[in-house]
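Let's take a friendly walk through this structure, with the model open beside the text.

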Amino acid sequence: MRIRHKIWLEDESGVLFGRGRFELLLTVDELGSLSAAAKQMKMSYRAAWGRIRASEERLSLPLMEKAAVGRGLTLTTQARKLIDLYRKFEHEIDELIANRGPQIFEAEPGLNLVFNEPK
């Protein structure tokens with residue numbers, strides 16, 4: 001058994017940032033194209049663009065910009081910082097869950113809950 005979780009940032013207008021947008025931006029960074037990233041992630045360009053645009057509007061900051069050299073897109077400095085912070089926060093939550101989750105759940109008599117060792 002293991003504990004799973006999903007972390008995302010939201011406000012009253014909706015999702016600001018989460019795992020899907022994190023992965024989408026990483027893929028755009030790798031491929032230099034929103035269209036190619038959407039295709040690789042098996043989503044429509046329209047859906048990918050809609051998520052990025054919604055995040056940019058809700059966060060009031062640009063996440064992608066035209067590449068300085070050649071064609072394509074690159075991530076903004078703000079997007080890279082957001083990715084780094086999200087990665088760090090998610091890692092800390094993973095550690096908390098791996099350490100505290102089994103302590104809390106396995107301590108309950110009569111439930112016989114046993115967790116796998118973290119990878």
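Lys42 is exposed because its relative accessibility is 77%, where exposed means over 50% relative accessible area, buried under 20% and partly exposed in between, computed with a 1.4 Å probe on protein chains only. Lys42 sits in the loop between H2 and H3; helices here are DSSP runs of H or I with at least four residues, strands are runs of E with at least two, and both are numbered from the N terminus. The phi of Lys42 is positive, near 60°, in a residue other than glycine.

A word on the ground rules: this is a predicted model, in which local features need pLDDT of at least 70 and side-chain atom pairs count only at pLDDT 80 or more, while totals for chains, interfaces and linings use all residues. Residues are numbered from 1 along each chain as its sequence is written, and side-chain values use heavy atoms, with hydrogens and water left out.

Now move on to H3, which covers residues 45-59. This helix has 15 residues and reaches 21 Å from its first C-alpha to its last, close to the 21 Å expected at 1.5 Å a residue; the expected span is 1.5 Å times one less than the number of residues. Ala48, Ile52, Ala54, Ser55 and Glu56 of H3 are buried. Their cover includes strand S2 (14-18), H1, helix H2 (34-40) and strand S3 (64-66). After H3 comes Ser60, in the loop between H3 and S3. Ser60 has a positive phi near 55° and is a residue other than glycine. With a relative accessible area of 65%, Ser60 is exposed.

How do H1 and H3 meet? Their axes come within 11 Å and cross at roughly 110°, the axes being lines fitted to C-alpha atoms, for helices over the stretch in contact, with angles from 0 to 180 degrees between N-to-C directions. H1 and H3 are therefore roughly perpendicular to each other, a label for angles of 65 to 115 degrees; under 35 counts as roughly parallel, over 145 as roughly antiparallel and the rest as oblique. From H1, Arg21, Leu24 and Leu25 make the contact, and from H3, Ala48, Arg51, Ile52, Ala54, Ser55 and Arg58; contact means heavy atoms within 4.5 Å. These residues divide into five nonpolar, one polar and three charged, where Ala, Val, Leu, Ile, Met, Phe, Trp, Tyr, Cys and Pro count as nonpolar, Asp, Glu, Lys and Arg as charged, and the others, Gly among them, as polar.

Arg19 is partly exposed at 35% relative accessibility, and Glu23 is partly exposed with a relative accessible area of 35%.

Arg19 also forms a salt bridge with Glu90, the closest N and O atoms being 2.5 Å apart. Glu90 lies in helix H4 (residues 77-106) and Arg19 in H1, so this pair ties together parts 71 residues apart in sequence. Glu90 counts as buried, at 11% relative accessibility.

Asp29 and Arg80 meet in a salt bridge at 2.9 Å, N to O. This pair links distant parts of the chain, Asp29 in H1 and Arg80 in H4, 51 residues apart. Asp29 is partly exposed at 33% relative accessibility, as is Arg80 at 34%. Finally, salt bridges that share partners join Arg19, Glu23 and Glu90 into one network.

Technical notes:
Salt bridge = Lys/Arg side-chain N within 4 Å of Asp/Glu carboxyl O.
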